Amino acid sequence: QPHHEKEELKFYCETCQLLVCRDCTLVLHKDHRIAEICNIAKIHKDAMREAIVCAQEVASKLTRAIDDNDKMVEQFGTSRENATLIITQAFEQLHQTIEERKKTLLSEMEAILLSKKTALTLQKEQLMKIQDEIGRYTEMTSL
């Protein structure tokens, strides 16, 4: 709040960061760093321009970073879908291979069992013939 309300504020006290009149520069702010408003305004205006340019550069970098982030998220989604497809296909192929192997083994087992059954049936028939012959010879000798 100005001490001399009717005086025009033409100076800036850099120490206090206040606008002051000429009288205040001589009394209240006599040992402070004082500058004319027009000079300070230009300095602050230039500083503001630099800050705005810097903020725009940062905003531009942030926009690029957000875009890059979005692309990475999209790539993760695509990578996930591709990996899921590859894994699913691999397991379906593995399942198909296992099923085919199962059918082959079952078929081979059936063939072996049939062969063994046939062999055992023939063996039984031969044993029964021998048994019949033995039975006939024993009957003939016992007469």
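Where is glutamine 17 found? The legends below answer this and describe other close-up views of a predicted model.

**Figure 1. Glutamine 17 lies in the loop between E1 and E2.** Most residues other than glycine have a negative phi. Glutamine 17, however, takes a positive phi near 60 degrees, although this residue is not a glycine. Its relative accessibility is 59%, so glutamine 17 counts as exposed, because exposed means over 50% relative accessible area.

**Figure 2. Strands E1 and E2 form an antiparallel pair.** Strand E1 covers residues 9-13 and strand E2 covers residues 18-21. The two strands are joined by 4 bridges. Two facing positions can be located in this view. Leucine 9 of the protein stands opposite cysteine 21 in E2. Cysteine 13 stands opposite leucine 18, which is also part of E2.

**Figure 3. Strand E1 also pairs with strand E3.** Strand E3 consists of residues 34-36. Its pairing with E1 is antiparallel and extends over 3 bridges. Within this pairing, phenylalanine 11 has glutamate 36 in E3 as its bridge partner.

**Figure 4. Three strands make an open sheet in the order E2-E1-E3.** Strands of a sheet pair through backbone hydrogen bonds, either parallel or antiparallel. In this sheet of 3 strands, the pairing is antiparallel. Strands E2 and E3 are the edge strands, and each of them pairs on one side only. From one strand to the next, the twist averages 45 degrees.

Figure 5. How exposed is leucine 94? Leucine 94 has a relative accessible area of 45% and is therefore partly exposed, because this class lies between the limits of 20% for buried and 50% for exposed.

Terms used. Residues are numbered from 1 along each chain as its sequence is written. This is a predicted model: local features need pLDDT of at least 70, side-chain atom pairs count only at pLDDT 80 or more; totals for chains, interfaces and linings use all residues. Side-chain values use heavy atoms; hydrogens and water are left out. Two strands pair if DSSP finds at least two bridges between them. Axes are lines fitted to C-alpha atoms, for helices over the stretch in contact, and angles run from 0 to 180 degrees between N-to-C directions. Buried means under 20% relative accessible area, exposed over 50%, partly exposed in between (1.4 Å probe, protein chains only).
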